[in-house]
Amino acid sequence: MKKIVECRHVYKNYDTGEIEVPALRDVNFVLEEGEFTAIVGPSGSGKSTLMNLIGCLDTATEGSLLIDGRAVENLTSNELADLRLEKIGFVFQNFQLLPGSSALENVELPLTYANVPHSEREKRAREALDRVGLSDRVDFMPNQLSGGQKQRVAIARALVNRPRIVLADEPTGALDSKSGEQVMNLFEELNREGVTVLIITHDRGIADRVGSMVEIRDGILTDKRVHEVTE
């Protein structure tokens, strides 16, 4: 299968002003097209740092990261923004919806950044909302939606640009058990349709539902099922 994400000997340090704090240490990781994978670890283990690197929201201190075969460490900020827009969809624990915009407008947002014409934006946003079961909520504002519905709007927004990979950071963390179940069912359905999904979570119950799992502790991937990385 084709590699969508490849981390090669990745390190990430944070400078506190007095000392450098290591967040990731010699991370080697491969995510292949069509996989449904979880990275599991407790708070402070480095899992969200790793997601931010994979999502091109941050840069590594050392090592190489390839997204869909393209090395990202030397890209400009504009090139990174274009890569995120074209290749990656994000789903966050706290939804990150614009409170003054409708569900439809929130889902349209990535297409607005991509300069897609208004009629096409609306068409694709409606299709994405229908895909997550919210065709009857297109005009609702975020404060009119339940937590589970907000997360499904966020998933629709992540899918509207037809990305190669969806990154989900604790996507059920702010939801009750029933809403969390609905969201995980949706991720499973999307993966069966061919969407590559990477979930970051501390919940092993969530991780046990995906196709594969790796564990991170103290910035080190410890699970022996980590893929071998080609040098």
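Arg121 is located in helix 4, which spans residues 118-131; helices (H or I, at least four residues) and strands (E, at least two) are DSSP runs numbered from the N terminus. The structure is a predicted model, in which local features need pLDDT of at least 70 and side-chain atom pairs count only at pLDDT 80 or more, whereas totals for chains, interfaces and linings use all residues. Residues are numbered from 1 along each chain as its sequence is written, and side-chain values use heavy atoms, with hydrogens and water left out.

Arg121 is buried but has no salt bridge, and the nearest side chain of opposite charge, that of Glu108, is 4.1 Å away. Here buried denotes under 20% relative accessible area, exposed over 50%, and partly exposed the range in between (1.4 Å probe, protein chains only). A salt bridge requires a side-chain nitrogen of Lys or Arg within 4 Å of a carboxyl oxygen of Asp or Glu; for charge, Lys and Arg count as positive and Asp and Glu as negative, while His and the chain ends are not counted. Apart from neighbours within four places in sequence, Arg121 is in contact (heavy atoms within 4.5 Å) with Glu108, Leu111, Thr112 and Val116.

Across the whole structure, 16 salt bridges are found. One of them joins the side chains of Lys12 and Asp58, at 3.3 Å from N to O. This pair links distant parts of the chain, 46 residues apart: Lys12 belongs to strand 1 (residues 3-15), and Asp58 to the loop between helix 1 (47-54) and strand 4 (62-67). Lys12 is buried, with a relative accessible area of 9%, whereas Asp58 is partly exposed at 26%. The side chains of Glu181 and Arg209 also form a salt bridge, at 2.7 Å from N to O. This pair likewise connects distant parts of the chain, with Glu181 in helix 6 (residues 177-192) and Arg209 in the loop between helix 7 (204-207) and strand 9 (212-217), 28 residues apart. Glu181 is partly exposed at 38% relative accessibility, and Arg209 is partly exposed at 27%. A further salt bridge, of 2.9 Å from N to O, is formed by Arg137 and Asp136; Arg137 is partly exposed at 23%, as is Asp136 at 48%.

Helix 1 is largely enclosed by the rest of the structure, because 6 of its 8 residues are buried. These buried residues are Lys47, Thr49, Leu50, Met51, Leu53 and Ile54. Just after helix 1, Cys56 adopts a positive phi of about 60°.

An open sheet of 6 strands has the order 6-7-8-3-9-10 and mixed pairing, two strands being paired if DSSP finds at least two bridges between them. Its edge strands, strand 6 (88-92) and strand 10 (220-221), each pair on one side only. Strand 7 (residues 165-169) pairs with strand 8 (residues 196-201) in the parallel sense over 5 bridges, and Val166 stands opposite Val197 in strand 8.

Val21 lies in strand 2 (residues 20-32) and is partly exposed, at 34% relative accessibility.
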